[in-house]
Structure formats: C-alpha cells, structure tokens
Amino acid sequence: MAELLGEVLNQPVRVASLPKAEWLAAYRRNGFSDSAAQSYAHMTEIFVTQAYDVPASPLKGTTDLKTCFQQVLTPNAA
C-alpha cells in the first residue's frame, strides 16, 4: 500500500508500526472521537491478529487500490 501511495504522490512513503498500546492515542491525535478511536483500535486488532473468517471467494470491487489513490489524491483526476 505504501509503495502504491508513493507512486501516486511521486514521493517516498515511510511505513511506521505502532505498538498496540499506542493505537488509541494515535487515533485521537488524528482527530478521531473517543468512540471512533475505540472502534478503529478494535478493527485494527482484528485485522492484525486476523481474527476473522476469510471468505473463500471474497467480493471485490472493480477499482484497484492504485486507481482509487489516483482518483482521490491526484488533482484533476477523472
């Protein structure tokens, strides 16, 4: 994801990991309400621990991540 974002922004993107104990504070620093920070920290834990059932045939959209980044982050994108 960082590599694709760097390509779209035409600049390096550095990946940084945060210990679980810092997730709530990081979400709050980035403008999340307390309840949203709790929710996102919980979703992060589910994702990191992969504590979810992975579908055999996941439903995927037609737009890949790089195209989405280009559409959202590139000025004058179609």
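Q: Quick one to start: where is the place of Leu-9?
A: In this predicted model, Leu-9 has its place in helix H1, which covers residues 2-9.

Q: And how accessible is Leu-9 there, buried, exposed or partly exposed?
A: Leu-9 is partly exposed, because its relative accessible area of 34% falls between the 20% under which a residue counts as buried and the 50% over which a residue counts as exposed.

Q: OK, switching to pockets: how much space lies in the largest pocket?
A: The largest pocket holds about 520 Å³ of space, and among the 17 residues that line the largest pocket, the closest to its centre are Val-15, Ala-16, Ser-17, Leu-18 and Tyr-27.

Q: Which elements give two or more residues to that lining?
A: Those elements are H1, helix H2 (23-29) and helix H3 (34-49).

Q: What does the lining of the largest pocket have by class?
A: Sorted by class, the lining of the largest pocket has 13 nonpolar residues, together with three polar and one charged.

Q: Now Tyr-40: which helix does Tyr-40 lie in, and what is its relative accessible area?
A: Tyr-40 lies in helix H3, and with a relative accessible area of 39% Tyr-40 is partly exposed.

Q: How far apart are Tyr-40 and Trp-23 in sequence and in space?
A: Tyr-40 and Trp-23 are separated by 17 residues in sequence, while in space they are 8.6 Å apart, taken C-alpha to C-alpha.

Definitions and conventions:
Residues are numbered from 1 along each chain as its sequence is written. This is a predicted model: local features need pLDDT of at least 70, side-chain atom pairs count only at pLDDT 80 or more; totals for chains, interfaces and linings use all residues. Side-chain values use heavy atoms; hydrogens and water are left out. Helices (H or I, at least four residues) and strands (E, at least two) are DSSP runs, numbered from the N terminus. Buried means under 20% relative accessible area, exposed over 50%, partly exposed in between (1.4 Å probe, protein chains only). On a 1 Å grid over the protein atoms alone, a cavity is a set of points where a 1.4 Å probe fits but cannot get out, and a pocket is an open set with protein on both sides within 12 Å along at least five of seven lines; lining residues have an atom within 4 Å of a point. Grid points are joined across faces, edges and corners, and a volume is the space filled by probe spheres set on the points. Ala, Val, Leu, Ile, Met, Phe, Trp, Tyr, Cys and Pro count as nonpolar, Asp, Glu, Lys and Arg as charged, and the others, Gly among them, as polar.
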